[in-house]
Amino acid sequence: MKVWYLWDVLNFFSKLRLLRLWNAAQVLSSYYLSKWLARPIQWGLPITLSIEPTTACNLRCPECPSGLRAFSRPTGNLKGDFFRRILDELQGRLLYLIFYFQGEPYINPQFLDMVKHAHDKGIYTITSTNGHFLNRENARKTIESGLDRLIISVDGTTQEVYEQYRIGGKLETVLQGARNIIAMKKELRSNTPHVIFQFLVVRPNEHQISAVQALAKEIGIDEVKLKTAQVYDYAQGNHLIPQDERYSRYARQADGSYQIKNNLLNHCWKLWHSCVITWDGVVVPCCFDKDADYRMGDLKTTTFREIWRGNVYGNFRSQLLKGRNQIDICTNCTEGCKVWA
């Protein structure tokens, strides 16, 4: 086991507490019982939570609602006091907290203060960034916040390739930001955050997979993760779908059309162990509901426990167990299927 991976694992396990383990056992057992009985049973509270620092973004990525400025829901920044109120209800049971849904987290001026608050509560914290705001000052603040995992999107190793998807982005700014993080970790003698280069594999960049791995090694990045791209209009093909099907969520059919590599089994672990909270407190079932069409409840007026165990959530889980293919956000989802060849 590599040293960086071992440290990350040990760091995560250091944050486990008896109540969090008991909650995880409740969630896991209720999930399997729901699968067997084909009816929703929900014990415990989420073991992971994704919360949205902002809907704003500096880039114009073509398959992203933030990049396209295409939201029908309200846009804005998560407020620190509202975040703390949400966390106060859930902190004792959360295993980890993801500061990301849509938008670029570093645009929210209170973002790293919220990370620090979660860190002080002993929660493993993660964020994902396009890397354009990692100047030396923000690199220092990131290390000092206690952030445990930092995912930096690097979707090309040359500007020409990178900007085909990350429209408006500057690759060298991203790489310098990554170097700033690595340098500041050394300066502050910190083992965190665990830094990941995330490479969204699309047709324009699939030939650079080995190059991004070499680049990460050169800079001192801990890990490279290859991610398949979600494409909205895929049935008749799309210029973003990789030619190498190992890196695609979609399989080419004999007639030239494409289908998602997913059998859409009528169960979903996400619906039992996690959820997403938008910047303004709307609870939605998962990260595929980008425009918050399936609203389980509103934390401005209701407690999380009431929403999590309420009729709206129960009915949604019941609908999923009866026919996942009848829920539109599920039809382009890879949950429960093997994507990589």
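**Notes on the predicted model**

1. Let me begin with an aromatic pair. Helix α11 (residues 304-308) holds both Phe 304 and Trp 308, which are four residues apart, about one turn of the helix. Please keep in mind that this is a predicted model. Across the whole structure, a search finds 13 aromatic pairs. In the pair formed by Phe 304 and Trp 308, the ring centres are 5.7 Å apart and the planes are at 25 degrees, so this pair is stacked; the cut-off for that label is planes under 30 degrees apart. Phe 304 and Trp 308 are both buried.

2. Staying with the rings, there is also a cluster to look at. Tyr 31, Tyr 32, Trp 36, Trp 269 and Trp 272 are linked into it by ring pairs. One of these, Trp 272, has Arg 317 over its face, at 5.8 Å from the ring centre. Which other ring has the charged end of Arg 317 over it? That ring belongs to Trp 308, and the distance to its centre is 4.6 Å.

3. Next come the helices, starting with α4 and α5. Their axes come within 10 Å and cross at roughly 20 degrees, so α4 and α5 are roughly parallel to each other. The crossing is right-handed. On the α4 side the contact is made by Gly 80, Phe 83, Arg 84, Leu 87 and Asp 88, and on the α5 side by Met 114, His 117 and Ala 118.

4. Helix α5 (residues 111-120) also pairs with α6: the two axes come within 8 Å and cross at roughly 20 degrees. These helices are therefore roughly parallel to each other as well, and the crossing of α5 and α6 is right-handed. Here Leu 112, Val 115, Lys 116 and His 119 of α5 meet Asn 138, Lys 141, Thr 142, Glu 144 and Ser 145 of α6.

5. Which residues of α5 are buried? They are Phe 111, Leu 112, Met 114, Val 115, His 117 and Ala 118. The elements that cover these buried residues include α4 (80-90), β2 (96-99), β3 (124-129) and α6. After α5 comes Gly 122, with a positive phi near 75 degrees.

6. How do α6 and α8 cross? The axes of α6 (residues 136-145) and α8 (residues 171-187) come within 9 Å, and the crossing angle is roughly 50 degrees. The two helices are therefore oblique to each other, and their crossing is right-handed. From α6, the residues Arg 136, Ala 139, Arg 140, Thr 142 and Ile 143 meet Asn 180, Ile 181, Met 184, Lys 185 and Glu 187 from α8. Thr 142 of α6 is listed here, and Thr 142 is also among the residues that α5 meets.

7. A few backbone details deserve a look. Most residues other than glycine have a negative phi, and most peptide bonds are trans. The bond from Thr 192 to Pro 193 is cis, with omega near 5 degrees; Pro 193 is placed in the loop between α8 and β5 (194-201).

8. Two alanines have a positive phi. For Ala 38 the value is about 60 degrees, and this residue is in the loop between α2 (18-37) and β1 (48-51). For Ala 292 the value is near 55 degrees, and its loop runs between β10 (282-284) and β11 (297-298). Are these alanines buried or exposed? Ala 38 is partly exposed, with a relative accessible area of 48%, whereas Ala 292 is buried, at 3%.

9. Leu 240 and Tyr 165 are 75 residues apart along the chain, and their C-alpha atoms are separated by 8.7 Å.

How values were computed. Residues numbered from 1 in each chain as written. Predicted model: local features only at pLDDT ≥ 70, side-chain atom pairs only at ≥ 80, totals over all residues. Heavy atoms only, no water. Phe/Tyr/Trp six-rings, centres within 6.5 Å; stacked < 30°, edge-to-face > 60°. Buried < 20%, exposed > 50% of the residue type's maximum accessible area, 1.4 Å probe, protein only. Lys NZ or Arg CZ within 6 Å of the ring centre and 35° of its normal. Axes fitted to C-alpha atoms, helices over the stretch in contact; angles between N-to-C directions. Parallel < 35°, antiparallel > 145°, perpendicular 65-115°, else oblique. Left-handed = near helix turned anticlockwise from the far one by under 90°. Contact = heavy atoms within 4.5 Å.
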